[in-house]
Amino acid sequence: MITIQNNEHERKILLLDSPFPLEESPDFPEYIFDAVFILNDSVDMTQNILNTINPVTSVKCCYKPFFVSRSLEGKMGEYADLIDGYFDDWNDVGALNKVEDIINRRSELKLTSIEDKIVSANQFFVRLFRFLIIRDHLKLDLELDNTSATGYVVPIINVFYKLGWYTLGELFVFIQSMLEKGYIRSTQFVNRIYLCPKCLHSHLLYIESCPKCGNSMIQSEEVIHHFRCANITPEHTYNFGGQLRCPKCHQMLHHIGVDYDRPATVFTCDSCGNSFLQAKMQAVCSNCHTTSDVKSLVPQNCNIYEITKEGVIAITSLNIGFSIYTEFYDNFLEFDRFVNRIRLLAEQKFTGRIAGDVLVGKIWILDATAATVANRAELLAQICKYFPNNKVSAANNITYINDIVTDYKGDQEQAILDFQILLSEAIRAAAYVLKPGEQICYTYMKLEGDGSNIDQFLNDLQFVTATPDDAVDYNPEAINPNATDDTSAPLRDDGTVDEFYHAPTAEELRVSNEVPLPEPKPQPEVPQQRKFNVLYILLAALTIVAIILAIFILLMK
Ligand SMILES: [Zn+2]
Ligand SMILES: [Zn+2]
Ligand SMILES: [Zn+2]
């Protein structure tokens, strides 16, 4: 059963009692209901429905008031924080008031517009935090949960971990970035735990083993120190018919602390017989099965965090440059900061403080009419990942990569060629973002001259060239290494996403596909030059071998 009823305040209530493909259903658009009541007495069934129909990840239900049956009160576990109340009657005063409260709070925070489909973990976190802010749920309490990956969890966040909305690494990066910005703060330290260095899970088995052979069949035994003769040997050597007698001086031992003590424990390996004072501690991860030395485990502080006032403003704001796609990448710079960086590098170069060349790679996409298209979040994310050690920016329909190449191995030309090769590879790796008829291109700019032309150089950053160094056409077989979503909303220059973008329909794509493609661009000669270099090295090596042989023959004479 799924139906819509008006409540006494003329709000439209979506009622359902079983799973329903609400997101895909054209009969229930977002605007025809204001709140959701799930009327089912089964905890499992209600949780199952909430996995897709919930106020965080569902586009149609985003931030809307959610209620479940009265009988489920206290039974919803981790899902409890997704629920605004337990009522069987949508005209119950409590339910009526709660619906109004949430709708009003949403307007106050100006979070009334429809949210996009979530395509990245960061976008998910922003969505969840907005939901929490609307509910005035600013404190993220931790609970111990033996079914969770990290042991300590914020239940509402963990629900979505289990549903696959983010990875642990993505969560840690997001929390760190929120802390650095002052959007959340720690109100209480709970514990420091240690995680598997490979998968960041906390379910570790600790194994004491022999440092020589690694076997964990080891016995521990106390060592006895006899004061009178200074003998120090394991306890069993003192065993004399149930009493303690020194194996060296044969005196009986009576009082610990007076004639002997037990200063240490020794281990003996059952497998190799090795005796040792300190066993090797290892941790076996029950999730990824990796065995790690305990020293290499990742320490993680578990804190209770609270969303700050600044956080509330930033997270609910669409325009402060809190870029939900690019926030992940440490190497992303907003364009004005990117330009400042290039200016600074130019000053350093022209005053001789840095050697080498300052390069800026530019990547852009042309549509079938050879016009540049708006920057895409997906392309930017791909480039950030491809150039982890370079600063990356996006503006003017261009994605930028800054590189400083210094005369390594005495071959500056090769260093520049290597940057070009990387750019060529990067546009190939990113080709999956193309739509039919599109082409992805790159070129690069090299800062030259004496410093008087820096303004010209910075100005030229805005433009693309008609003759890129390399270009790749749309290929329907290009593989997207990340997501399965094919809509890619354009990015504004501040890194936020254009909400009013509408993805082209199949029909539009078909039409644009019929426009003749621009002339294919020549491929760069970069890879061939690499081959020549290898040939040179081989030739040089052969020559050296010949010379050594000649000397050897001379010496033999
Ligand atoms: Zn003794
Ligand atoms: Zn051993
Ligand atoms: Zn692991």
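1. Let's start with a pocket. The second largest pocket has a volume of about 500 Å³. A pocket here is an open set of points on a 1 Å grid over the protein atoms alone, with protein on both sides within 12 Å along at least five of seven lines, and lining residues have an atom within 4 Å of a point. The volume is the space filled by probe spheres set on the points, which are joined across faces, edges and corners.

2. Before going further, please keep in mind that this is a predicted model, where local features need pLDDT of at least 70, side-chain atom pairs count only at pLDDT 80 or more, and totals for chains, interfaces and linings use all residues. Residues are numbered from 1 along each chain as its sequence is written, chains are lettered from A and ligands numbered from 1 in the order in which they are written, and side-chain values use heavy atoms, leaving out hydrogens and water.

3. Now look at the zinc ion (ligand 2). Its protein donors are the SG atoms of Cys210, Cys213, Cys269 and Cys272, lying 2.3 to 2.4 Å from the zinc ion. Donors are N, O and S atoms within 2.8 Å of the metal (3.2 Å for Na, K and Ca). The donor residues are spaced C-x2-C-x55-C-x2-C in sequence.

4. The zinc ion (ligand 3) is coordinated by the SG atoms of Cys196, Cys199, Cys285 and Cys288, at 2.2 to 2.3 Å. Its donors follow the spacing C-x2-C-x85-C-x2-C. Is Cys285 buried or exposed? Cys285 is buried, because its relative accessible area is 1%, while Cys288 counts as partly exposed at 23%. Buried means under 20% relative accessible area, exposed over 50%, and partly exposed in between (1.4 Å probe, protein chains only).

Definitions and conventions:
On a 1 Å grid over the protein atoms alone, a cavity is a set of points where a 1.4 Å probe fits but cannot get out, and a pocket is an open set with protein on both sides within 12 Å along at least five of seven lines; lining residues have an atom within 4 Å of a point.
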